[in-house]
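User: I have a model open and would like to go through it with you. Could we begin with the strands?
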Amino acid sequence: MPAPPQALCGVVVSAGRMMKAVKVRTVKQVYDSFLKKHYTAYQSHLVSDPNSSLRTGDVVRIAARPPASKHIRHVVTNIIAPWGPPAEERPPIPTLEDLDAKYKAKREARIARRTQRTEGAQTEGNGARGTEKGLSLKERHTDVIGGPKVVGGESRVVLERDLKD
């Protein structure tokens with residue numbers, strides 16, 4: 001069984017500027033061996049907030065999840081201390097099980113579309129990117145203005161004046 005995701009606590013420092021995402025600042029103690037002292041280090045995370053239920057100043061718990069986008073790699077699990085309106089008056093935060101179920105359903109739909117697309121292309125006998133009516137790439141684009149046209153074994157560009165003849 002996989003290990004549970006790492007949970008971090010932090011404060012929402014930016015909310016409402018991005019769709020379904022907030023910036024959360026987490027704190028940790030770091031030891032400097034040269035100075036022989038601990039100091040506070042801050043780290044900011046972009047966090048997925050699917051229902052846009054967080055406000056700036058909320059203290060939240062976040063967990064690492066599979067990437068939702070290039071920079072969003074965490075998701076909100078619960079609000080520890082709300083800032084402003086109470087958490088009951090805000091849209092609910094989905095549980096990790098709800099997010100997993102939604103991800104799996106979306107993934108299965110994508111796989112079904114992919115298999116349907118590849119099966120449809122294979123029944124035509126031309127493959128996924130087959131040619132139209134057995135023509136080559138150059139032969140398909142002979143009627144396009146500015147496209148290549150094969151004339152006497154050499155290709156040349158079709159111009160409007162050539163089509164008038």
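User: Which residue is the bridge partner of Ile62 in E5?
Analyst: In strand E5, Val76 is the bridge partner of Ile62. Strands here are DSSP runs of at least two residues (E), and helices of at least four (H or I), numbered from the N terminus. The model is predicted: local features need pLDDT of at least 70, side-chain atom pairs count only at pLDDT 80 or more, and totals for chains, interfaces and linings use all residues. Residues are numbered from 1 along each chain as its sequence is written, and side-chain values use heavy atoms, with hydrogens and water left out.

User: In what sense do E4 and E5 pair, and over how many bridges?
Analyst: Strand E4 (residues 59-64) and strand E5 (residues 74-81) are antiparallel, with six bridges; pairing requires that DSSP finds at least two bridges between two strands.

User: Which sheet is formed by the five strands?
Analyst: The five strands form a closed barrel in the order E1-E2-E3-E5-E4, with mixed pairing.

User: Changing topic, is Ser14 buried or exposed?
Analyst: Ser14 has a relative accessible area of 14%, so it is buried; buried means under 20%, exposed over 50%, and partly exposed in between (1.4 Å probe, protein chains only). Ser14 belongs to strand E1 (residues 7-18).

User: What is Ser14 in contact with, leaving aside neighbours within four places in sequence?
Analyst: Val22, Lys23 and Thr56 are in contact with Ser14 on that basis, contact being heavy atoms within 4.5 Å.
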